[in-house]
Amino acid sequence: MIYWHTHCKKGGMDSIQIIKALKELQTIARKAKPVARGAAPAPLTARQKELRALVPTSILGHFDRMVAQKRPGIAPVVNGVCGGCHLRIPRAHVAGIRASHELDVCDQCGSFIYSEEMLESAEEPKLAAAS
């Protein structure tokens, strides 16, 4: 198991913000038109540059390799199942992700994984403050 939590603090960024940035980068990558084999990739948009600046380089490098292979760079863990490969993750691993609120890697497919509950719990205080 690889832990990325030591890299999840960059300029005050916490793992929740990094996860959100990676999710948005993945959405942008999926919507982009595919490039021909051997052709230069399309230039980055201002938003992509902004998001990439928020993510530590070690995490970004792994994410980019996954996306270049047409695999999910980041996936949620729902009911103990990786959203990238749809294989069950050991309970202890899932419990560790939930408890630590950190970014981790699926042992089967290599995608970064996170707990959806973690993102939901991060949104709750904002909703309560708005009320």
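This is a predicted model: local features need pLDDT of at least 70, side-chain atom pairs count only at pLDDT 80 or more; totals for chains, interfaces and linings use all residues.
Helices here are DSSP runs of H or I, at least four residues, numbered from the N terminus.

Some housekeeping. Residues are numbered from 1 along each chain as its sequence is written. Local features need pLDDT of at least 70 and side-chain atom pairs pLDDT 80 or more, while totals for chains, interfaces and linings use all residues, and side-chain values use heavy atoms, without hydrogens and water.

Back to the first pair. The axes of α1 and α3, lines fitted to C-alpha atoms over the stretch in contact, come within 12 Å and cross at roughly 30°, on a scale from 0 to 180 degrees between N-to-C directions. That makes α1 roughly parallel to α3, a label for angles under 35 degrees. On the α1 side, Leu 22, Leu 25, Gln 26 and Ala 29 meet Ile 59, Leu 60, Phe 63 and Val 67 of α3, where contact means heavy atoms within 4.5 Å. By class, that is 7 nonpolar, 1 polar and no charged; Ala, Val, Leu, Ile, Met, Phe, Trp, Tyr, Cys and Pro count as nonpolar, Asp, Glu, Lys and Arg as charged, and the others, Gly among them, as polar.

Now the second pair. α1 and α2 pack at about 145°, with axes 9 Å apart, and this crossing is left-handed. From α1 the contact takes Ile 18, Ala 21, Glu 24, Leu 25 and Ile 28, and from α2 Arg 47, Gln 48, Leu 51, Arg 52 and Leu 54. This contact of α1 with α2 has 6 nonpolar, 1 polar and 3 charged residues.

Last, the lining of the largest pocket: which classes does it hold? It divides into 13 nonpolar, 2 polar and 6 charged residues.

Technical notes: Helices (H or I, at least four residues) and strands (E, at least two) are DSSP runs, numbered from the N terminus. A crossing is left-handed if the near helix is turned anticlockwise from the far one by less than a right angle, and right-handed if clockwise. Angles under 35 degrees count as roughly parallel, over 145 as roughly antiparallel, 65 to 115 as roughly perpendicular and the rest as oblique.
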